[in-house]
Amino acid sequence: MIGDIVTVTVDRPLGSYHPEYKDMYYPINYGYIEGIIAPDGEEQDAYILGVDEPVEKFTGKIIAVVHRADDVEEKWVVCPMDKTFSKEEIAEKIHFQEQYFQSEIIM
């Protein structure tokens with residue numbers, strides 16, 4: 001799936017807070033890909049990097065998969081077609097949520 005083009009529906013825009021964990025601030029846009037069901041039975045979640053304003057939908061390329069050893073689901077990392085990020089940059093940008101999991105970035 002890395003390199004595939006997907007559209008992410010954003011349900012947690014940049015600048016928002018998690019609906020249940022009120023202290024979790026979203027410094028990036030985060031959402032899901034309609035029609036793709038993840039192992040947890042919900043639609044596939046995705047982090048959006050390289051978009052510095054809140055958006056409702058975003059179409060971009062998958063540049064990485066975040067595999068969680070201690071969870072049933074993976075997260076996809078999506079960015080604009082003309083941008084790229086290193087593993088280190090991705091890890092820094094998604095740390096706000098991945099700090100609670102044992103995760104590995106696959107590129």
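This is a predicted model: local features need pLDDT of at least 70, side-chain atom pairs count only at pLDDT 80 or more; totals for chains, interfaces and linings use all residues.
Local features need pLDDT of at least 70, side-chain atom pairs count only at pLDDT 80 or more, and totals for chains, interfaces and linings use all residues. Residues are numbered from 1 along each chain as its sequence is written, and side-chain values use heavy atoms, with hydrogens and water left out.

Q: Why is Pro39 called exposed?
A: Its relative accessible area is 64%. Exposed means over 50%, buried under 20%, and partly exposed in between (1.4 Å probe, protein chains only). Pro39 is therefore exposed. Pro39 sits in the loop between E2 and E3.

Q: Why does Met1 count as partly exposed?
A: Met1 has 46% relative accessibility, so it counts as partly exposed. Met1 lies in the segment before E1.

Q: Which residues make the nonpolar surface patch of about 250 Å²?
A: Met1, Ile2 and Ile106 make it. Nonpolar side chains (Val, Leu, Ile, Met, Phe, Trp, Tyr) are joined within 5 Å.

Q: Which residues lie nearest the centre of the largest pocket?
A: Arg12, Tyr30, Asp45, Glu73 and Lys75 do, out of 18 lining residues. The lining divides into six nonpolar, two polar and ten charged residues. Asp, Glu, Lys and Arg count as charged; Ala, Val, Leu, Ile, Met, Phe, Trp, Tyr, Cys and Pro as nonpolar; the others, Gly among them, as polar.

Definitions and conventions
On a 1 Å grid over the protein atoms alone, a cavity is a set of points where a 1.4 Å probe fits but cannot get out, and a pocket is an open set with protein on both sides within 12 Å along at least five of seven lines; lining residues have an atom within 4 Å of a point. Patches are made of residues with over 30% relative accessible area and no salt bridge: like charges are joined within 9 Å, nonpolar side chains (Val, Leu, Ile, Met, Phe, Trp, Tyr) within 5 Å. Accessible areas come from the Shrake-Rupley method with a 1.4 Å probe; for residues, only the protein chains shown count as cover. A salt bridge is a side-chain nitrogen of Lys or Arg within 4 Å of a carboxyl oxygen of Asp or Glu. Helices (H or I, at least four residues) and strands (E, at least two) are DSSP runs, numbered from the N terminus.
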